[in-house]
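Subject: Structure handover

Hello,

Here is the structure for your files. My notes on it follow below.

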Amino acid sequence: MTHNAWRRAAVVLIFLAVTLGIALGVWAVGYRQALGSLRERGESDLALTVDRLTGQLQRYQDLAVLMATHPELTRLDTRAARQRAGQLLLGAADRTTALNLIYLSPEGEVLAQAHPIALTEQALARFRTGPIFQRALNGALGTGIGLYSPEGVRSYVFAAPNYAVGQGVRGVLVVAVDMDHVERAWLGQRPVVYFTDAQGRVFATSRSELVAWREVTGEYVRPEGTRVAIDRARVGAHDIWRADLGDYIPNPALRLTRDLPQIGMRATALIDETTAARLAILQAAVAALVMLSFGAVIYWATERRRVLARANAQLETRVAARTAELSGANMMLRREVTERQEAEAALKRAQAELVQAGKLSALGQMSAGLSHELNQPLMAIRQFAENGTLLLSRGKPEQAAGNLSRIEELAGRMGRIIRNLRAFARQESEPARRVNLVQVIEAALEMTEARLAKDAITLDWQPPAAAVPAMAGDVRLTQVMVNLITNAADAMSGRAERRLAITLTAAPRPTIRVADTGSGIAQPEHIFDPFYSTKEVGASEGMGLGLSISYGMVQSFGGTIRGRNRSGCGAVFTVELRPVAKDLAAE
């Protein structure tokens, strides 16, 4: 390896070491922050569980205080009185789900109870000498963990004194709480919470498998005596415990404790620590990824700069040689661009001339019919004028005025024909604008009226009551309609039935349909190709450019034109145009 290669490798290794250190630092900070958030949520959950337990026990404490002074418990010197007291205690136990209610004499003798439970003399002796009973005999409320019954039911006990006037305590009412029933409301909830007595024995818990375990220094002891070691770690102000306590107990776990002197127990919560560890690992991975990406970009930029510098030196030697070649190629390219622009302009001129030639060709084909259309009104005007002169000389002005009205109508008709011819013959270069399709079709029919009458073609055209606007060019669209009508007339030449149907619809798009009863289209897919024609070669009717020109003009409007054969006979051409925009339609 070269000296530069060794230096680049050393820089990469140093950068990787720095990245690893930053990632570890981010992990440590993130882990402590995540543990802090986890501790806050855990303390809230632990406080909620503690409040729930003390709230449930408070109901039984109130029951003991209120029931201790009941009149039925003041005089129990007869069997019947004791039976009534037992019924009273039974009803209270059923209504409150208490495990048992026992009324004892100051000497510890059972005077009445809700449920008869066989307690040994040793158990009663321990209870009589225990702190709960002794506190009640001293006139205070005794509380604490009760005896485990023969069935293994856990109970929490409240002992309330019953005072006799001038005699002190004459009895003690003991309320035993069924802890299985109390735990049922929060059993299985998260986090794992358990309550231990003064000896460290688990008395109440949200996980039933922890009942009767004992927590001693450095380990947990199962009821049968087996021990589970605890691996304790300190992360800042947080205790992390690792112990295999069961499938549903988090391991490792953040351990939180709270002393509960009001019930003589300690509450402990074990919160799953893996969420904090995963979050810290994710933050460290993101930091490492950012650092690696940043380093990769810097390395790539450095290498790129080095490669570019070497390539730049090579390119500079080639630039001078290529400059002359590029200058010559640039001159050739400019000449080619100029030639292409000139060719494009010539093509546009040729297209415009071709369109105009198509118009003049159509005018030439219609010349005989148009001369007849103009000559006939002229002869009628001359005849009406001569008759009007005679009527005036004979003193009949009313009849002469009628002749003048007829002359006015005929002159108007000639004016419309000449106006349509002038508009049809001129070149139109304006963009598409709003036109009335009814007027366009009427103008095309006026110019082809002589041809249709000459060939005895029946016209089926019912103009709509309202105008149908569309975006097009007035003159160019008229030329398209003239081409379609004359082509239809040519196709129906020599046919027994000659009928031309023109329909106009406004929705969903302005559409014109021209249908004939002619011979149809031999090759519909080539109908709009230039120089395609169904006429005989050398015929005077045309060279097959009419439909190609019409196709280009309709496309310039943003519309479409299609041709197809009809189901019976003949062909139909459809012209679809762009609708008028709302702002133009309102004008």
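Arg451 counts as partly exposed at 24% relative accessibility, whereas Asp455 is buried at 19%; buried means under 20% relative accessible area, exposed over 50%, and partly exposed in between (1.4 Å probe, protein chains only). The two side chains meet in a salt bridge, N to O 2.7 Å, where a salt bridge is a side-chain nitrogen of Lys or Arg within 4 Å of a carboxyl oxygen of Asp or Glu. Together with Asp490, Arg451 and Asp455 are linked in a network of such bridges.

This is a predicted model: local features need pLDDT of at least 70, side-chain atom pairs count only at pLDDT 80 or more, and totals for chains, interfaces and linings use all residues. Residues are numbered from 1 along each chain as its sequence is written, and side-chain values use heavy atoms, with hydrogens and water left out.

Confidence

pLDDT (the predictor's confidence in each residue, from 0 to 100) averages 79 over the protein chain, and 85% of the residues score at least 70. Over residues 537–543 pLDDT stays under 50, and the model has five contacts there beyond four places in sequence; contact means heavy atoms within 4.5 Å. Where pLDDT is low, the predicted coordinates should not be read in detail.

Other salt bridges

The whole structure holds ten salt bridges. One of them joins Glu43 to Arg39, with the closest N and O atoms 3.1 Å apart. Glu43 and Arg39 are four residues apart in helix H1 (residues 3–68), which separates them by about one helical turn. Helices (H or I, at least four residues) and strands (E, at least two) are DSSP runs, numbered from the N terminus. Another salt bridge links Arg84 and Glu72 at 3.6 Å, N to O. Arg84 lies in helix H2 and Glu72 in the loop between H1 and H2, so the pair ties together parts that are twelve residues apart in sequence.

Sheets

An open sheet of five strands has the order S2-S1-S5-S4-S3, with antiparallel pairing; two strands pair if DSSP finds at least two bridges between them. Its edge strands are S2 (110–113) and S3 (142–145), each pairing on one side only. S1 (residues 100–104) is joined to S2 by three bridges, and Tyr103 stands opposite Ala112 in S2.

A second open sheet has three strands in the order S8-S9-S10, also with antiparallel pairing. S8 (214–216) and S10 (227–229) stand at the edges with a single partner strand each, so one side of each is left without a neighbour in the sheet.

Regards
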